Amino acid sequence: MKDFLVYALRRIVMVIPFLIGLTILAFALGVLSPGDPAIAALTMDGTSEPTEAEILAMQHSMGLDRPYWVQYLSWLSSAVVGNLGVSYLTHKPVADELIRRACPPGRSAEGARFALLWALKNDLLECVGQPG
């Protein structure tokens, strides 16, 4: 049992640098993507061109005027607690949008039913396969 705990702890510790690298990569992809998020948010209606003052105000409200490392730490601390921000398009929390798209109504019941049947199938096969 002690060997398993040491092995599990070692594996968990090995995952931490991977997750940090993954978050850095995800943040870098957002920073390096073409276009300015402030301009994109201001031109969603497609009818008006924002002024320089509006762009600067939006960049400040979005935190884009801060250094990248401050933006990353702010983004990471929010993401760790489940706050992924607000969608520019729907103005709803991104986490809620992801859950809604990943698990539309009815699918969550199907997923629970599948998990229950899978667990029961394994238990039944285990019982039948054992000599009684």
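## What counts as buried

A residue is called buried when its relative accessible area is under 20%, and exposed when that value is over 50%. With that cut-off in hand, let's look around this predicted model.

## The chain as a whole

The protein chain has six helices and zero strands, so its pattern along the sequence, by the DSSP runs used here, reads α-α-α-α-α-α. Of its 132 residues, 9% are buried.

The protein chain exposes about 10800 Å², and carbon and sulfur atoms supply 69% of that area. Turning to contacts, take those between residues at least 6 apart in sequence: 43% of them join residues at least 24 apart.

## P50, between α2 and α3

Start with the loop that links α2 (37–42) to α3 (52–62), where you will find P50. Is P50 buried or exposed? Its relative accessibility is 11%, and because the cut-off for buried is under 20%, P50 counts as buried.

Which residues does P50 touch, beyond those up to four places away in sequence? They are L42, T43 and I55. I39 is worth a look too: P50 and I39 sit 11 residues apart in sequence, with 7.3 Å between their C-alpha atoms.

## S87, between α4 and α5

Further along, S87 belongs to the loop between α4 (68–80) and α5 (94–102). S87 has a relative accessible area of 17%, so this serine is buried as well.

Setting aside neighbours within four places in sequence, S87 is in contact with K92 and V94.

How values were computed: Residues are numbered from 1 along each chain as its sequence is written. This is a predicted model: local features need pLDDT of at least 70, side-chain atom pairs count only at pLDDT 80 or more; totals for chains, interfaces and linings use all residues. Side-chain values use heavy atoms; hydrogens and water are left out. Helices (H or I, at least four residues) and strands (E, at least two) are DSSP runs, numbered from the N terminus. Buried means under 20% relative accessible area, exposed over 50%, partly exposed in between (1.4 Å probe, protein chains only). Contact means heavy atoms within 4.5 Å. Accessible areas come from the Shrake-Rupley method with a 1.4 Å probe; for residues, only the protein chains shown count as cover.
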